[in-house]
Structures are given as structure tokens and as C-alpha cells.
Amino acid sequence: MTSQTLNTPTAEQIRRAPKVLLHDHLDGGLRPGTIIELARETGYEALPETEPDKLGIWFREAADSGSLERYLETFAHTCAVMQTREALFRVAAECAEDLAEDGVVYAEVRYAPEQHLEAGLSLEEVVEAVNAGFREGERLARESGHRIRVGALLTAMRHAARSLEIAELANRYRDMGVVGFDIAGAEAGFPPTRHLDAFEYLKRENNHFTIHAGEAFGLPSIWQALQWCGADRLGHGVRIIDDITVAEDGSVSLGRLAAYVRDKRIPLELCPTSNLQTGAAASYAEHPIGLLRRLHFRATVNTDNRLMSGTSMSREFELLTETFGYTLEDMQWFTVNAMKSAFIPFDERLAMISDVIKPGYAELKSEWLFRQTATTSDSSFGES
Ligand SMILES: O=c1[nH]cnc2c1ncn2[C@H]1C[C@H](O)[C@@H](CO)O1
Ligand SMILES: [Zn+2]
């Protein structure tokens, strides 16, 4: 069943609408054709398919297991071909280009530098190659008429023990393309408090970080991420729904943690399709984003891994407009929420909202009004 209404934006309007992306993994967004070419160039022979369409399908199906641990296994293939400067540069440039082509105007893209050291690169060389790639992608996007700004988030893997080192790396490159820090990987069994020293270091440095929490594990993980570690944002955070009760008469009550998250305007980096694949939500219609939006949580829409989910920001918004009947007004609300929650300085966020996002939506809304007026006058002409 669809909840589309007359003012549901078209797919083409959704693509043109300015979008802001806070949760996207660099190693989860490669073009299948690029993986195949890089594998050939670097002698990686373990790819499950060697034809781009088939490889794209393989990633989507392999990631569709209902378990985060199995989902994460697919990253072995993408990380395997991201071990040289040239490969990292190319993947980052294509990432920026693909996002810009999809109408994303600001993105924070994350990756784990420690996963790209197999061919002898240092952590610094990895960061510099990716940053250079993002700058190149921004430049190529500009040449083809798109405007995008990409910041990097450095991720530490939560099962490993390098988080303080990666946090220091993020701080060192802070005014050079890196805007924050994150931890990712299997959640159950690896609580955020394992990395407390990294978070405490970043707080002392007045730096920003998000934590994958409340995806494969529930409220304790969210609680630790916020109250022990001091996360600025929650990566997913979708399980906050476990602390919200909807009574039979429709009245809603929030537990202490959910109330805290809403009161403090903690941004939730929601990733609907990814959540369906890892089992964090059963269907789009049942995805907590519907309720969280109605309750005015600081909800944002994200892709997580475009390759593994066969998705894009436009596709996520199309699915949401089909499911919940969202309008351009709702899209703008999610987008402004995301921009407000970005890790770049306040004045730059404000400028993006007033100079890019609001005018972009105003233009789309005026087209929509024009279409409505034209349709109405057409039909009244027909009736007379
Ligand atoms: O949704 C996710 N949850 C936890 N970890 C994830 C998710 N998506 C990607 N990752 C992991 C796999 C990547 O290799 C790593 C760095 O981007 O982050
Ligand atoms: Zn993620």
C-alpha cells in the first residue's frame, strides 16, 4: 500500500532537491565496475563475480542476511581493493561525484583508515589520499554543474584496539578535510565504553564524534554512547524506539532515555534500507522513522552503504515518500535537521541552510504550485 498524496514529490524532484548525508561509508559505496577494475589492477582474485551488474547484485543479496555480522563480511572485498593511494583517491573522487550527481550538497563520508594498511600505506597516507580524492570529486562535480562539499569522518573498528590512535589522527587532520570521528563494526559484545579513552581525548580537544549505537544492540548501547562516551550524534540509534510506548488509544509515552534524546536534540542518523537488511526493522512501513518524525526527534535520512543496499539518498527518500506520504516540506525538514547536525562550524551550517537548502526547496515548491495551478485550470477548462 502506498500513502502517496497529491503533493508527493516526483522521483525527478527528489533527485534535484538538495540533500544532506551524514552517514555513508566510503568502503560501502564503490561502483561495482570500479571494484572489478581495481581488483584486476591490484591482482585481487577473490571477487565473487567479475561482471559489474552481477557483482552489484551479489553485494545486495549477500548483505541481505538479517544479521549485522554477516552484512559486515561483504566489506572484505571492497577493503581488499582499497589498499593503494591511487585506489583510495579514485574511490573517494567517484564517491563525491556520485553523491553530487544524486543531488547531495553536503556529505560526511566515513571509513576506517586502519583497514587500508595492507599494502604498506601509513595512516597519514591513507587520510591524505582520501582527502585528495574528495577534493578531486568536488572539482569534477563542479565542472558538470553540481555543487557538493564532502568532509571525512575517521572510523575506528570497535573489535580492534586502535581507537585512541585513530582519534588522534582525526584531531591532527581536523582543519584539513576531516570533520570528526566514529566507531563501527559488530555492536553486540563490543560496547562503546571499550573506547572511552578515545572519546575522552576528543572531548578534551573540543572535537566531534558520532557512535554506531542502537542498530544491532538496543538501549544499553545508546545509553553508553551518550552518557558514558558523550557522543554528539547516534549512528542509526533506531532502537531508541524500544524506549517509546504507544498505547492502544494512540497516546505516546517516552522513557527517560528517549526523552533525553529528544529533549537534547540528539541527531539520529537513520538508514532505513540498511536497517531492513540487518534485521533492525521489519519493513519500511514499520520502520521507526515514521514515529520518530511525528514525535519531532532530530531524525535524519541516510544511505549507510550505497553498494550493499543498492541505494542512494534519492532512493531512500523515494521509499519514504511512498511509504509515509512525505512531501517536499518533510524532505526539507529532514535535510535541515541533517545540516544542523553536521560537524562543520555553525556559521557554515547556517550558510548552507540559508543559501543552498532553503532556496532549493523554495524553487521546487514553486514548481509544484505551478503544476497544481496548471492542473486545476486545465480541469476547470475541461468542465466548462
Ligand atoms: O551499519 C553499520 N554498522 C556497523 N558497522 C558498519 C556499518 N556499515 C559499515 N560498517 C563497518 C564496515 C566498514 O568496513 C567499516 C568502516 O567504514 O564500518
Ligand atoms: Zn554505518
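The legends below describe close-up views of a predicted model.

**View 1. The shell of residues around ligand 1.**
In this predicted model, 19 residues surround ligand 1, and the closest of them are His25, Phe75, Ala112, Thr155 and Ala184. The elements that contribute two or more residues to this shell are α4 (68-73), α5 (75-80) and β2 (104-111). By residue type, the shell around ligand 1 divides into 7 nonpolar, 8 polar and 4 charged residues.

**View 2. The sheet built from β1, β2, β3 and β4.**
Four strands form an open sheet in the order β1-β2-β3-β4, and their pairing is parallel. Strands β1 (19-25) and β4 stand at the edges, where each has a single partner strand, so one side of each is left without a neighbour in the sheet. Ignoring direction, neighbouring strands of this sheet are turned by 25° against each other on average.

**View 3. Strand β3 and its two partners.**
Strand β3, which covers residues 149-157, is mostly covered, since 7 of its 9 residues are buried. On one side, β2 and β3 run parallel and are joined by 6 bridges, and among the paired residues Ala107 has Val150 in β3 as its bridge partner.

**View 4. Helix α2 and the helices against which it packs.**
Which residues of helix α2 (residues 32-42) are buried? They are Ile35, Ile36 and Leu38, and the buried residues of α2 pack against three helices, namely α3 (52-62), α5 and α6 (85-101). Just after α2 comes Gly43, which takes a positive phi of about 75°.

**View 5. The sheet built from β5, β6, β9 and β10.**
This open sheet of 4 strands has the order β5-β6-β9-β10, and its pairing is parallel. Its edge strands are β5 (210-213) and β10 (299-301), each of which pairs on one side only, and the twist from one strand to the next averages 30°. Strand β5 is joined to strand β6 (residues 233-236) by 4 bridges, and the two run parallel; within this pair, Thr210 stands opposite Arg233 in β6. Helix α10 (residues 219-228) packs on the sheet and touches both β5 and β6, and its direction makes about 170° with that of β5.

Lys203 is found in helix α9 (residues 196-204), whereas Asn207 has its place in the loop between α9 and β5. Lys203 is partly exposed, because 14 other C-beta atoms lie within 10 Å, and Asn207 likewise counts as partly exposed, because it has 19 C-beta neighbours inside 10 Å. Computed along the chain, Lys203 and Asp175 are 28 residues apart, and in space they are 16 Å apart from C-alpha to C-alpha. Asn207 and Asp232 are 25 residues apart along the chain, and their C-alpha atoms are separated by 9.6 Å. Leaving aside its neighbours within four places in sequence, Asn207 is in contact with Ala170, Asn171, Arg174, Gly180, Phe181 and Leu202.

Most residues other than glycine have a negative phi. Arg265 has a positive phi of about 55° although it is not a glycine, and Asp304, also not a glycine, has a positive phi of about 65°. Arg265 has its place in the loop between α11 (256-263) and β9 (268-270), while Asp304 is found in the loop between β10 and α14 (306-309). Are these two residues, Arg265 and Asp304, buried or exposed? Arg265 counts as exposed, because it has 12 C-beta neighbours inside 10 Å, whereas Asp304 is buried, because 29 other C-beta atoms lie within 10 Å.

Conventions
Residues are numbered from 1 along each chain as its sequence is written. Chains are lettered from A and ligands numbered from 1 in the order in which they are written. This is a predicted model: local features need pLDDT of at least 70, side-chain atom pairs count only at pLDDT 80 or more; totals for chains, interfaces and linings use all residues. A residue is near a molecule or strand if its C-beta atom, placed from the backbone, lies within 6 Å of it. Ala, Val, Leu, Ile, Met, Phe, Trp, Tyr, Cys and Pro count as nonpolar, Asp, Glu, Lys and Arg as charged, and the others, Gly among them, as polar. A residue is buried if 20 or more other C-beta atoms lie within 10 Å of its own, exposed if 12 or fewer, and partly exposed in between; C-beta atoms are placed from the backbone. Two strands pair if DSSP finds at least two bridges between them. Two residues are in contact if their C-beta atoms, placed from the backbone, lie within 7 Å. Axes are lines fitted to C-alpha atoms, for helices over the stretch in contact, and angles run from 0 to 180 degrees between N-to-C directions.
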